[in-house]
Amino acid sequence: MIVTPPSFTPLLAPVAHDRPLTFAFRGNEILVRERDLGLPDAATLKAFDLPPANVLPVGLLGDEYCAAAWLPGDARAPEGFTFRGLRSLFGSVDEATLAVAGRAFQIADWARTHQFCGACGTRMAKTDGERAMKCPACGHLAYPRIAPAMMVLVKRADSILLARNVAVPAGGRMSALAGFLEPGESVEDAIHREVREEVGLEVKDLRYFASQSWPFPGSLMLAFTAEYADGEIACDPNEIAEARWFGPGDPLPELSPRQSISRALIDANLPK
């Protein structure tokens, strides 16, 4: 039986709810129960004595109200709870809840890092009717910022190109190429630049695949495929430890979790 995930409706103002789902973060870690990775209840959060500015509306997941909260940097997990990175929850928490957790993290992180005006230093205040912080002194507005990033799976005949980042140990996870856009670049410009810089290849025939919010801490990953056009693999030693073509019958290396757009992009284009 196919189960339809609950719908999500974003909210800019809180709504009354008996048992809200509160995603509470200390830095980039979320507070969850140790035994089942459940979220803290109201009694658990009350012990932190959070000011109202630290709790923000996120939206409705089905009919459940979701809020984001940011905790002090020195906050300690209550008995029976622990702080976990969002990545560590992949495969252990349902995708709908994980998606809202990612959204909640970006909202909480934005609120935490925009308490004061970046132009004049005055304490900021939340605005009504939009997700923004406004300076009462100079009028400066701060919205949550999303950093666009590109991912591209390069294809050559019946082979695909996978690469291992220098931060990953030998024999570890490999993926499609990816990178952030620079000011003034289109996504297509960034793809050509990143492929050229990271592995020394030229590509053509770019095709959009899909996008995924990537809350680490606030990116939007735009995934493409591209056809090999010219060049020999020459890895940038500052970025890429190795890059190889994988064809039909070749054993694949360790790949990203199935919840990631990287894995979806690779699975959809595996050599046959």
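**View 1. Gly59 meets its bridge partner Cys66 in strand E5.** Strand E4 (residues 55-61) and strand E5 (residues 64-70) run antiparallel and are joined by 6 bridges. Strands, like helices, are DSSP runs numbered from the N terminus, with at least two residues (E) for a strand and at least four (H or I) for a helix; two strands pair if DSSP finds at least two bridges between them. This is a predicted model, in which local features need pLDDT of at least 70 and side-chain atom pairs count only at pLDDT 80 or more, while totals for chains, interfaces and linings use all residues. Residues are numbered from 1 along each chain as its sequence is written, and side-chain values use heavy atoms, with hydrogens and water left out.

**View 2. Here is the open sheet of 6 strands, in the order E1-E4-E5-E2-E3-E6 with mixed pairing.** Strand E1 (8-10) and strand E6 (81-85) stand at the edges with a single partner strand each, so one side of each has no neighbour in the sheet. On average, neighbouring strands of this sheet are turned by 35° against each other, direction ignored. Helix H2 (residues 95-113) packs on the sheet and touches E1, strand E2 (21-26), E3, E4 and E5. The direction of H2 makes about 160° with that of E4; axes are lines fitted to C-alpha atoms, for helices over the stretch in contact, and angles run from 0 to 180 degrees between N-to-C directions.

**View 3. Step inside the largest nonpolar core, which has 31 residues.** Such a core is a set of buried Ala, Val, Leu, Ile, Met, Phe, Trp, Tyr and Cys residues joined through side-chain atoms within 4.5 Å. Buried means under 20% relative accessible area, exposed over 50%, and partly exposed in between (1.4 Å probe, protein chains only). Phe23, Phe25, Ile30, Val58, Leu86 and Leu89 touch the most other members. H2 gives the most to this core, with 9 residues. Leaving aside residues up to four places away in sequence, Leu86 touches partners including Phe25, Ile30, Leu98 and Phe105 (contact means heavy atoms within 4.5 Å).
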